[in-house]
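Thank you all for coming.

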Amino acid sequence: MEHKGTRTLNTDRLILRRFVIDDAESMYQNWASDEEVTRFLTWPPHANVEVTKSLLTDWISRYEEDSYYNWVIELKESGDVIGSISVVKLNENINGADIGYCMSRAHWGKGIMPEALKAVIHYLFCEVGCNRIAASHDVNNPKSGRVMDKAGMKLEGTLRRAGKNNLGICDEVWHSIIREEFEQ
């Protein structure tokens, strides 16, 4: 892989860009404090905006690393900050990346996350040189799997009791796309 870090990506409706500290209030209000959004995630809802600011300070400092990929999802039309998408794990041995994402409930079901995921997949294959891109979801959160399907990923299978999130130990459903599938 040829790491290039978090670069701005544009789609029809979205700007995927680096976080800035001024995103803290929107992140906190729109998704980080929402128990429904964080229900299937590995981190708890933020108790206050200071927690969000602290996290963003850490994330922003990591943008100096070429192997760090973490985007805020911004709506082009309004400038609203509504979610995030990132590489949560890199596997250099196989040129692989695992993706994670979350978004404001107010924007669920509008095709926004598949649009963001497609842009990240394109960037990771075409610019970074990934061979495999994967993502997983709690078996009880099939809507997340539909996002992966809409982005061109294929169902691989379920790893029983292989994950842990805010609900406890869970079955993980894995989806992936490999370079050859992407290029077709």
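Read along the sequence, the elements come in the order β-β-α-α-α-β-β-β-α-β-α-β-β-α, which makes six helices and eight strands in the protein, where helices (H or I, at least four residues) and strands (E, at least two) are DSSP runs, numbered from the N terminus. Please keep in mind that this is a predicted model, in which local features need pLDDT of at least 70 and side-chain atom pairs count only at pLDDT 80 or more, while totals for chains, interfaces and linings use all residues. Residues are numbered from 1 along each chain as its sequence is written, and side-chain values use heavy atoms, with hydrogens and water left out.

Let me turn to the overall dimensions. Along the principal axes, the C-alpha atoms fill a box of roughly 40 × 35 × 30 Å. The radius of gyration is 16 Å, which agrees with the value near 16 Å for a compact globule of 184 residues; this radius is taken over C-alpha atoms, and the globule rule is 2.2 Å times the number of residues to the power 0.38. Of the 184 residues, 47% are buried, where buried means under 20% relative accessible area, exposed over 50%, and partly exposed in between (1.4 Å probe, protein chains only). If we take the contacts with a separation of 6 or more, 64% of them are between residues 24 or more positions apart, a contact being heavy atoms within 4.5 Å.

Phe40 gives us one place to look at such contacts. This residue lies in the loop between α2 and α3 (49-61), and Phe40 counts as buried because its relative accessibility is 17%. Which residues does Phe40 touch, leaving aside its neighbours within four places in sequence? They are Asp138, Asn140, Asn141, Asn165 and Leu167. With Asp138, the separation is 98 residues in sequence, yet 6.6 Å in space from C-alpha to C-alpha.

Now to the charged side chains. Side chains of opposite charge can pair when their charged atoms come close. The structure holds 12 salt bridges, a salt bridge being a side-chain nitrogen of Lys or Arg within 4 Å of a carboxyl oxygen of Asp or Glu.

I would start with Arg17, which forms a salt bridge with Asp23 at 2.9 Å, N to O. Glu74 also forms a salt bridge with Arg17, and there the closest N and O atoms are 2.6 Å apart.

Asp34 is buried, with a relative accessible area of 14%, whereas Arg105 is partly exposed, at 44%.
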